[in-house]
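Q: I have not looked at this one before. Can you walk me through it?

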Amino acid sequence: MTGPEAARLFYDPSRFVRCSATPRAIQKTLLGEGGVQGLDDGAHRHRKQMFMSLMAPERIEQLIELTGAEWRVRVRKWESMHKVVLYPEFHELLTRAACAWAGVPLADSEVDARTREIAALFDHAGSLGLRHLWSRWARKRADRWLEEVIEKIRNGRLHPPEQSPAHTIAWHRDLNGELLTPHVAAVELLNVIRPTVAVSVYMLFVAHALNAHPKLREAVLADHDGYAGRFVQEVRRYYPFFPAVAARTRQAFEWNGYQFPEGRRVILDLYGTNQDPRTWGRPEEFEPERFRRWDGSSFNFIPQGGGDHNVGHRCPGEWIAIELMKLAADFFTRRMTYDLPEQDLRIDWSRLPALPRSRMVISNVREI
């Protein structure tokens, strides 16, 4: 299904459930087993409130500050490099910042391995063959790593800040008053870290959009009347991220002449909805000013899911993605200068996530 009317139906909890909806290959890699994405009804709402408690403005601001500090460190390193491939650099930058924010210890000697494991969860999840097997192996290693973190918190060997994701998830209790199993708690902690690192895809597209539309660079730099925010939203609308989400019908019903049998898997087209001409005039054009006119609907603009953040399956990390992208726009226009050497910037639509073929190479980096 695609379009705002279909999205409104898809996020109707009386019609659809998420249990057993996601293909097993994605469950075993991207999402993990036992996490909030596969829950329904009261169990989902209760678990979702745990995640929403982590999205307070002051908590997000702390993550942005940590990421900015890491970025400044990277810029100084990039100044001495002949060329910089941004995509893997963003992976490490965000892994360091996300773990520090989440209250998860990460020694310098671990950074490379943990970064590759976390990135594999979203960068290889939709692949076949060896890349998919690597993603599954990375999931097992990442789950075991964070299970140990959860157990150390519970037995008093590790003391993250009380407002941190690690502390909150370690001590969260389900509807029966029971602590989450160490495995499920690890999956949920990874459901904080992994999507944050995945914003590397959007940050790459911020750089791509600034290069593709150089006349907009000055407007982003000036940020008059919140222009940078509209620019970021247009990047989220215009560029591909995760293409679709799945659910199953709770019971048989008919909608607009279509028969939906009970238990049928239904796929909602996120990217197509964001490109739907019934909502977006000239959707093939990159026009940030369209968000001055946007009605704010949670069903016609759904790059990270639709519906209500508090009770539905819309990604609670959406605000984090927006703020990290604004930080990227700030660095690319205000805090560093760089050259863009000759490279293949075409989007490779054959992979998931789709990316510029060159992964965005920059050179001659200088801090401002």
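A: What follows goes through cores, helices and a few loops.

Q: Before that, what kind of model is it, and how are residues numbered?
A: The model is predicted, so local features need pLDDT of at least 70 and side-chain atom pairs count only at pLDDT 80 or more, while totals for chains, interfaces and linings use all residues. Residues are numbered from 1 along each chain as its sequence is written, and side-chain values use heavy atoms, with hydrogens and water left out.

Q: Ok. Which residues touch the most other members in the largest nonpolar core?
A: W71 and F332, in a core of 92 residues. A nonpolar core here is a set of buried Ala, Val, Leu, Ile, Met, Phe, Trp, Tyr and Cys residues joined through side-chain atoms within 4.5 Å. Buried means under 20% relative accessible area, exposed over 50%, and partly exposed in between, with a 1.4 Å probe and protein chains only.

Q: Which helix gives the most to this core?
A: Helix α9, residues 182-212, with 19 residues. Helices (H or I, at least four residues) and strands (E, at least two) are DSSP runs, numbered from the N terminus.

Q: What is F332 in contact with?
A: Leaving aside neighbours within four places in sequence, F332 contacts W71, L86, F90, M203, V206, A207, L210, R217 and Y338. Contact means heavy atoms within 4.5 Å.

Q: And the second core, what does it include?
A: That separate core has 15 residues, including L9, A247, W255 and L268.

Q: Back to W71. Which residues of α4 are buried?
A: W71 is one of them, along with R59, I60, L63, I64, T67, G68, R74, V75 and W78.

Q: How far apart are the end C-alpha atoms of α4?
A: They are 31 Å apart, which agrees with the 32 Å that the 22 residues of this helix (57-78) should span at 1.5 Å a residue. The expected span is 1.5 Å times one less than the number of residues.

Q: Same thing for α7: what should its 25 residues span?
A: Helix α7, residues 130-154, should span 36 Å, and its end C-alpha atoms are 36 Å apart, which agrees.

Q: What covers the buried residues of α7?
A: The cover includes α2 (24-31), α5 (86-102), α6 (111-123), α8 (165-170) and α9. Among the buried residues themselves are H132, R139, D143, W145 and V149.

Q: Take V149. Where is it, and is it buried or exposed?
A: V149 is in helix α7. It counts as buried because its relative accessibility is 6%. Beyond its neighbours within four places in sequence, V149 is in contact with V104, L158 and L189.

Q: What comes just after α7?
A: G156, which takes a positive phi of about 85°.

Q: New topic. How do the axes of α5 and α9 cross?
A: They come within 9 Å and cross at roughly 145°. Axes are lines fitted to C-alpha atoms, for helices over the stretch in contact, with angles from 0 to 180 degrees between N-to-C directions.

Q: Which residues make the contact?
A: On α5 they include L86, F90, L94 and W101, and on α9 they include L189, I193, V197 and M203.

Q: What about I118, where is that?
A: I118 is in helix α6. At 0% relative accessibility, I118 is buried. Not counting residues up to four places away in sequence, I118 touches T95, W145, L190, I193, R194 and V197.

Q: Now the loops. Where is H172 found?
A: H172 is in the loop between α8 and α9. With a relative accessible area of 10%, H172 is buried. Residues up to four places away in sequence aside, H172 touches H46, R47, M50, E178, L179 and L180.

Q: Which peptide bond is cis?
A: The bond from L352 to P353 is cis, with omega near 0°. P353 lies in the loop between β8 (347-348) and β9 (355-356).

Q: What is the phi of N256, and where is N256 found?
A: N256 has a positive phi of about 50° although it is not a glycine. N256 is in the loop between β4 (253-255) and β5 (258-260).

Q: And M360, what is phi there?
A: Phi of M360 is near 65°, a positive value in a residue other than glycine. M360 sits in the loop between β9 and β10 (361-367). M360 is buried, at 0% relative accessibility.
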